[in-house]
Amino acid sequence: MKELIKKAIEARSFSYSPYSGFQVGAALLGKSGKIYTGCNVENAAYGPSNCAERTAFFKAVSEGEREFERIAIVGGHEGESVAPSPCGVCRQVMTEFCEPSFEVIMAVSEDEYEVMTLGELMPKSFDL
């Protein structure tokens, strides 16, 4: 778990967030054992912006990974850290690829974090 959080912290450093100043990093563990990282990428038009969690998922899926164990997420404004909760769109993307038992690690640091399942974060989710 600490390794995944460390990778999320590293990914956060690549955040492009000139509008909100809120930098987010994510590290997604595939069932293959491979880790996919992502950061948030903002855009002046806001709509084309992408969250760190979705960046990691889309990278993984584009490389053929479709089954996942857990994701670690870190965030905050420069100089601070908070344990961010995934937005609704990211939760929906997770629902597309993950079981309700999928673990979401919301971390401040490698030693301070909260773990919830996707089922807890997204009860009564929409899927087909």
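Buried means under 20% relative accessible area, exposed over 50%, and partly exposed in between, using a 1.4 Å probe and protein chains only. This is a predicted model, in which local features need pLDDT of at least 70 and side-chain atom pairs count only at pLDDT 80 or more, while totals for chains, interfaces and linings use all residues. Residues are numbered from 1 along each chain as its sequence is written, and side-chain values use heavy atoms, with hydrogens and water left out.

**Exercise 1.** Now try Ser-15: find its loop, its class and its partners.

*Solution.* First, Ser-15 belongs to the loop between α1 (2-12) and β1 (22-30). Then, because its relative accessible area is 14%, Ser-15 is buried. Finally, leaving out residues up to four places away in sequence, Ser-15 touches Phe-22, Gln-23, Val-24, Cys-39 and Asn-40; contact means heavy atoms within 4.5 Å.

**Exercise 2.** Work out how Asn-43 relates to Tyr-19.

*Solution.* Begin with the loop between β2 and α2, where Asn-43 is found. At 31% relative accessibility, Asn-43 is partly exposed. Along the sequence, Asn-43 and Tyr-19 are 24 residues apart, yet their C-alpha atoms are 7.9 Å apart in space. To finish, set aside neighbours within four places in sequence: Asn-43 is in contact with Tyr-19, Pro-48 and Ser-49.

Conventions:
Helix = DSSP H or I, 4+ residues; strand = E, 2+ residues; numbered from the N terminus.
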